[in-house]
Amino acid sequence: VEGTSNFQDGTYALAFLPDGRLAICVGDVTGHGIEATADMAMARFTFRSLAREHPEPGDFLAHANDVVAEEIAVGKFITMAYLAIAPDGEVLCASAGHPAPRLVRPDGRVQGLECGGLALGIDGGQTYEQVRDELVAGAAVVLYTDGVIEARRGRELFGGDRLDEVLAAGHDLPAQGLADAVVAACRAFSGGDLADDCAIVVIK
């Protein structure tokens, strides 16, 4: 597992669950600055406090949403993708308004782990669907914040298609190499520094 994060309002966290699965979440909060940093600290605390008690992705996000809805300021929210990966390769994924994680097959095929759900903190009492897939030997799962696909060149966005092209081209890279390739492609597209958050986690 490798990751990179270069801004304070996007973050990732991971933990091993009691049943041996690896739990990973990537989150992104509205806004920037001190308040955004505080909200992401809350998101990390929520992950650490709830992941072991509510390990299934959909159940975790439902409980996390109730916590965030009570704590976050009106008009703000947190998007989050949560994955639980078993030692045998089973992947469970749920999302709260976050860009779909990408599953990169060993042959370079890329697909999104598409699952819907309202961002955390907008309204309590939500339910979150979860999808199931498999992480086979040589495959990778890539989680990221929207700063990746929303990197800009003028009015043009980097977009999901370009992300998938980078992932397909680098499918045989190690985890860190694939994360670095995504960041490099975004920077090259935007002509230098990225204006928004850019957090990427690769599990291979």
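Four aromatic pairs occur in this structure, where rings of Phe, Tyr and Trp (its six-membered ring) pair if their centres lie within 6.5 Å. Planes under 30 degrees apart count as stacked, over 60 as edge-to-face and the rest as tilted. Before looking at two of the pairs, a word on the source: this is a predicted model, in which local features need pLDDT of at least 70 and side-chain atom pairs count only at pLDDT 80 or more, while totals for chains, interfaces and linings use all residues. Residues are numbered from 1 along each chain as its sequence is written, and side-chain values use heavy atoms, with hydrogens and water left out.

| Aromatic pair | Geometry | Centre to centre | Angle between planes |
|---|---|---|---|
| Phe60 and Tyr82 | stacked | 4.4 Å | 25 degrees |
| Phe158 and Phe189 | edge-to-face | 5.5 Å | 75 degrees |

Let's take the stacked pair, Phe60 and Tyr82. Phe60 sits in helix α2 (residues 57-71) and Tyr82 in strand β4 (residues 78-85), so this pair ties together parts that are 22 residues apart in sequence. Helices (H or I, at least four residues) and strands (E, at least two) are DSSP runs, numbered from the N terminus. Both Phe60 and Tyr82 are buried, which means under 20% relative accessible area, with exposed over 50% and partly exposed in between (1.4 Å probe, protein chains only). Together with Phe47, these two residues form one aromatic cluster.

The edge-to-face pair is Phe158 with Phe189. Phe158 belongs to the loop between β11 and α4, and Phe189 to helix α5, so the pair ties together parts that are 31 residues apart in sequence. Phe158 counts as buried at 4% relative accessibility, and Phe189 is buried with a relative accessible area of 5%.

Now for the cores. A nonpolar core is a set of buried Ala, Val, Leu, Ile, Met, Phe, Trp, Tyr and Cys residues joined through side-chain atoms within 4.5 Å. The largest one has 24 residues, of which Phe47, Phe60, Leu61, Ile78, Met80, Tyr82 and Leu120 touch the most other members. Two or more residues each come from β3 (22-29), α1 (33-50), α2, β4 and β5 (90-96), and the largest share, five residues, is given by α2. Another core, of 21 residues, lies apart from it and includes Val166, Ala175, Val183 and Phe189.

Strand β4 also holds Thr79, which counts as buried at 12% relative accessibility. The side chains of Thr79 and His98 make a polar contact (2.8 Å). Such a contact is a pair of N or O atoms within 3.5 Å; within protein, one must be able to donate a hydrogen and the other to accept it, and residues adjacent in sequence count only if both atoms are side-chain atoms. Leaving aside neighbours within four places in sequence, Thr79 is in contact (heavy atoms within 4.5 Å) with Val26, Gly27, Asp28, Ala96, Gly97, His98 and Ala119.

Which residues of helix α4 are buried? In this helix (residues 159-169), they are Gly159, Leu163, Val166 and Leu167. Seen down the axis of α4, these fall within an arc of 115 degrees, so they line one face of the helix; the arc is that of the directions from the helix axis to the C-beta atoms. Asp161, Glu165 and Ala169, on the other side of α4, are exposed. The cover over the buried residues of α4 includes β9 (140-144), α3 (146-149) and α5 (175-190).

Overall, the protein has five helices and twelve strands, and buried residues make up 50% of its 204 residues.
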